[in-house]
Amino acid sequence: MKALVPISAQVPALVRSAGERAQTRFWEFFVNNIRNANTRRAYGRSIGEFLAWCEQRGLTSIIDIEPLHIGAYVEALTRSHSAPTAKQRLAAIRMLFDWLVTGQIIPTNPAASVRGPKHVVKVGKTPVLDPEEARTLLDNIDVTTTVGLRDRALIALMVYSFARVGAALAMKVEDVYVQNRRLWVRLHEKGGKRHEMPCHHNLETYLHAYIDGCYLAGDPMNSLSARHGAQTPQRRVMRGTL
């Protein structure tokens with residue numbers, strides 16, 4: 001197990017004092033249970049800060065942590081951090097203790113009964129383009145170059161399918177395909193999930209213009225968001241035939 005963990009990483013004292021099995025289960029929580037590297041780092045920081053807080057208050061083992069301790073920590077968090085941050089850190093703590101329970105390190109999850117701060121969002125913070133703004137944006141993209149064709153296709157993909165930026169950029173040429181005489185797109189979402197949907201007629205036009213204009217259909221594994229330079233589609237083809 002130590003070979004899988006960075007040398008600089010240290011097991012928190014409260015985990016070390018619980019024994020070798022607890023230490024192994026603790027590392028397995030991050031290595032085996034959390035696949036996303038960003039989530040792993042965020043949860044590592046959250047749990048590390050919580051365990052350090054517990055140690056500062058006299059606790060000597062992770063086994064000794066009770067709901068009262070977690071509730072007090074969350075209460076302290078709400079005074080220094082936003083409600084979403086406090087809820088995210090409580091979620092990390094709760095997941096760790098769930099993992100320790102299933103590994104028979106502790107009998108019950110002390111975070112299960114602790115409620116996070118209430119947080120209600122009435123108005124979204126992310127600005128949304130209305131149809132006229134979206135049309136103006138798409139119509140003002142210079143499509144005399146391969147970059148313009150690509151940008152219009154990808155922006156239209158996000159506008160008409162509500163795809164995440166990451167899902168749009170992860171698409172390959174093969175993820176644009178014909179089914180029942182309509183063009184479909186396949187989005188690769190988080191957690192390995194795939195979402196397939198038929199294209200809006202405008203999106204179909206833009207994708208065809210990009211793929212056909214840049215001659216991408218011959219390489220289905222090519223990234224749909226690959227950089228092609230700023231040359232015109234015709235010039236790009238001529239270069240490829242020289």
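These notes cover selected helices and loop residues of a predicted model.

1. Ground rules. Residues are numbered from 1 along each chain as its sequence is written, and side-chain values use heavy atoms, with hydrogens and water left out. In this predicted model, local features need pLDDT of at least 70 and side-chain atom pairs count only at pLDDT 80 or more, while totals for chains, interfaces and linings use all residues.

2. Length of α5. Helices here are DSSP runs of H or I with at least four residues, strands are runs of E with at least two, and both are numbered from the N terminus. Helix α5 holds 20 residues, 83-102. The expected span of a helix is 1.5 Å times one less than its number of residues.

3. Buried means under 20% relative accessible area, exposed over 50%, and partly exposed in between (1.4 Å probe, protein chains only). The buried residues of α5 are A83, A86, R89, L90, A92, I93, L96, F97, W99 and L100. An α-helix has 3.6 residues a turn, so residues three or four places apart point the same way. The buried residues of α5 pack against α2 (20-31), α3 (37-56) and α4 (67-80), where contact means heavy atoms within 4.5 Å. After α5 comes Q104, with a positive phi near 60°.

4. The α6 and α7 pair. Two packed helices are described by the angle between their axes and the distance between the axes. Axes are lines fitted to C-alpha atoms, for helices over the stretch in contact, with angles from 0 to 180 degrees between N-to-C directions. The axes of α6 (131-139) and α7 (146-161) come within 10 Å and cross at roughly 165°. The two helices are therefore roughly antiparallel, a label for angles over 145 degrees. A134, R135, L137 and L138 of α6 meet R152, I155, A156, V159 and Y160 of α7. These contact residues comprise 7 nonpolar, no polar and 2 charged; Ala, Val, Leu, Ile, Met, Phe, Trp, Tyr, Cys and Pro count as nonpolar, Asp, Glu, Lys and Arg as charged, and the others, Gly among them, as polar.

5. A buried loop residue. D175 lies in the loop between α8 (165-169) and β1 (176-179). D175 is buried, at 2% relative accessible area. Leaving out residues up to four places away in sequence, D175 touches A170, W184, V185, R186 and H188.

6. Positive phi in loops. Most residues other than glycine have a negative phi. R181, between β1 and β2 (182-188), has a positive phi near 65°. R181 is exposed at 82%. Y215, between α9 (201-213) and α10 (233-241), has a positive phi near 55°. Y215 is exposed at 59%.

Terms used
Parallel < 35°, antiparallel > 145°, perpendicular 65-115°, else oblique.
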